Amino acid sequence: MQQPQGFAAFGLGRTIEQNLEQLGIKEPTPVQLEAIPLLMSGEDLIASAPTGTGKTAAFLLPALERLQSPAPVRGNGPRVLVLTPTRELAQQVAKAAKDFSQRMPKLKTVCITGGESYFHQNRALTGPHEILVATPGRLMDQMRSGRIDFSRLQVLVLDEADRMLDMGFSDDVMAIAAQLPKERQTVCFTATMSHSVLRMSAQLQRTPKAIEVKAPVAHTEAIEQHVIYVDNFGHKRRLLSHWLNEEADGQIVIFTATKRDAESLAEALDGEGHATVALHGDLEQRQRTRMLNRLRRGEARVLVATDVAARGIDVAGITHVFNFDLPRFAEDYVHRIGRTGRAGATGVAVSFVGRDDIGVLRRIERFIGRPVKVTAVAGMEAGFKPGEQRPNRRPGAGPRRFDDRRPQGGAPRRDGQSEPRRGFENRGNGFGDRGNGSGEHREGFAKRADSGRPSDARRDNSRGSGNGPKFGERKSFGDRKSFSDRPRRKFD
């Protein structure tokens with residue numbers, strides 16, 4: 001007798017197999033081959049698996065198989081809880097759960113995240129549901145209100161656990177887990193087996209099985225990639241203006257490390273005459289959709305975004321992507337530059353790399369399997385070369401301040417180009433001397449108050465960006481609430 005092949009070999013049930021066939025999913029990925037049997041046997045699991053390896057199906061399919069049996073406890077609350085660091089990822093997981101659970105009429109998925117209406121979420125939570133996908137901040141808010149009953153919960157999934165910890169959700173995750181039944185299955189997916197992830201696993205899991213799946217080969221052949229070395233923040237800004245004015249003739253996405261930087265850079269570029277919108281975690285979902293639609297309709301030429309939005313940007317006309325700040329994770333670099341060169345088109349990706357970014361660049365090059373071409377703009381070359389020793393500084397001199405000095409060999413500012421904004425280009429350590437973007441400066445690890453947090457979306461901010469006045473409060477920018485709501489000129 002012929003042995004079952006593909007997903008049928010797992011014994012997931014004919015209904016789930018039919019749903020996968022309808023979705024065109026035929027063969028399990030390596031992470032699914034390893035994880036699904038372990039999870040179906042009830043084991044706790046910690047798995048290292050990057051985005052793009054099929055990890056969502058790896059934890060959802062065994063959960064759905066479990067949900068085909070009656071709940072051991074009666075109630076309306078979820079039997080499966082999936083925690084994610086961002087609302088975009090939560091929405092992706094919730095959509096996958098709904099797709100995989102077609103033809104299962106008594107199985108309902110609810111998604112609650114920051115930036116969405118409490119009214120609609122409250123209504124969804126009052127009815128019976130089996131799967132709850134949530135971001136920690138909003139889930140904590142709903143738990144305080146007493147709307148969620150975890151008495152019948154059987155499975156807890158932490159998706160992208162390392163990023164959740166980096167964004168400051170450690171306390172929230174532990175507080176949520178403390179309210180769940182002790183007898184449960186706990187599943188942890190992470191891109192890296194960091195010490196913080198392993199410490200959390202030791203507190204939440206019982207002798208978990210561990211698996212590690214390598215990332216797939218990144219396909220970026222259609223994208224022309226460049227690295228440009230920069231001396232300081234002012235140098236970086238002049239190079240960006242040069243490319244926007246002289247080199248890039250299509251629509252552009254620029255990635256920054258924090259939401260405050262995205263707002264400030266978008267304001268500065270709009271002042272230079274580039275129709276610009278900003279996209280980051282502080283915006284509600286309808287605002288994000290409006291910003292992307294402005295880009296799609298051609299009303300904006302430039303989009304400045306944080307990583308929280310990198311996976312949700314799908315605009316056919318994007319010809320250039322700029323990494324104003326390098327991402328922390330190499331896989332995020334591939335997601336960023338993948339916003340261009342889509343549907344058979346070619347694109348250009350430019351990354352600005354300072355002295356402290358060299359280590360991050362080398363990790364990216366190892367991930368994509370080749371070095372990135374080094375490019376220089378004539379007359380605007382960087383004064384440092386990779387590998388050279390940092391200049392000696394007298395003891396006790398304090399942090400280096402990145403002023404607006406012209407880099408070595410730099411050209412004077414052309415007539416008509418805007419002067420640098422005080423508080424933006426001349427921030428010194430608060431923005432320019434960011435280091436490698438590795439997250440040491442994130443505010444999430446600091447203790448936070450337990451109340452008064454309407455949303456978790458702010459967690460993509462950095463520590464440095466939280467000390468000064470908020471963007472909308474700056475006297476030089478007027479009293480408008482948000483730059484993103486400002487009317488825009490039509491982009492020709």
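Trainee: Which strands does helix α2 lie across?

Mentor: First, helices (H or I, at least four residues) and strands (E, at least two) are DSSP runs, numbered from the N terminus. Contact means heavy atoms within 4.5 Å. Axes are lines fitted to C-alpha atoms, for helices over the stretch in contact, and angles run from 0 to 180 degrees between N-to-C directions. Here, helix α2 (residues 30-40) lies across β1, β6 and β7, and its angle to β7 is about 170°.

Trainee: What should I know about the model itself?

Mentor: It is a predicted model, so local features need pLDDT of at least 70 and side-chain atom pairs count only at pLDDT 80 or more, while totals for chains, interfaces and linings use all residues. Residues are numbered from 1 along each chain as its sequence is written, and side-chain values use heavy atoms, with hydrogens and water left out.

Trainee: In what order do the strands of the open sheet come?

Mentor: Two strands pair if DSSP finds at least two bridges between them. In this model, 7 strands form an open sheet in the order β3-β4-β2-β5-β6-β1-β7, with parallel pairing. At its edges are β3 (109-112) and β7 (209-212), each pairing on one side only. From one strand to the next, the twist averages 15°.

Trainee: How many bridges join β1 to β6?

Mentor: Strand β1 (residues 45-48) is joined to β6 by 4 bridges, and the two run parallel. Opposite V187 in β6 stands L45, and opposite T190 in β6 stands S48. β5 is also joined to β6 by 4 bridges, again running parallel. There, V157 stands opposite V187.

Trainee: How many residues of β6 are buried?

Mentor: Buried means under 20% relative accessible area, exposed over 50%, and partly exposed in between (1.4 Å probe, protein chains only). In β6, 6 of its 6 residues are buried. Both faces are covered, with Q185, V187 and F189 on one side and T186, C188 and T190 on the other.

Trainee: Is Q185 buried or exposed?

Mentor: Q185 belongs to strand β6 (residues 185-190). Its relative accessible area is 5%, so Q185 is buried. Leaving aside residues up to four places away in sequence, Q185 touches several residues, including L38, L39, R66 and Q154.

Trainee: Which residues touch the most other members of the largest nonpolar core?

Mentor: A nonpolar core is a set of buried Ala, Val, Leu, Ile, Met, Phe, Trp, Tyr and Cys residues joined through side-chain atoms within 4.5 Å. The largest one has 39 residues, and F59, L61 and F189 touch the most other members. Helix α3 (residues 55-67) gives the largest share of this core, 8 residues. A second, separate core of 30 residues includes L81, A134, I176 and A177.

Trainee: Which residues of helix α8 are buried?

Mentor: An α-helix has 3.6 residues a turn, so residues three or four places apart point the same way. In helix α8 (residues 170-178), the buried residues are D172, V173, I176 and A177. They cover an arc of only 130° around the axis, which puts them on the same side of α8; the arc is that of the directions from the helix axis to the C-beta atoms. Their cover includes β2 (80-83), α6, β5 (155-158), α7 (161-166) and α9 (195-204).

Trainee: How far apart are the end C-alpha atoms of helix α4?

Mentor: The expected span of a helix is 1.5 Å times one less than its number of residues. For the 14 residues of helix α4 (residues 87-100) that should be 20 Å, and the end C-alpha atoms are 20 Å apart, which agrees. Among the buried residues of α4 are L89, V93 and F100.

Trainee: How many residues of strand β8 are buried?

Mentor: In strand β8 (residues 223-229), 6 of the 7 residues are buried, so β8 is largely enclosed by the rest of the structure. It runs parallel to strand β13 (residues 347-353), joined by 7 bridges, and V227 has S351 as its bridge partner there. β8 also runs parallel to strand β14 (residues 373-374), joined by 2 bridges; in β14, V374 is the residue opposite V227.
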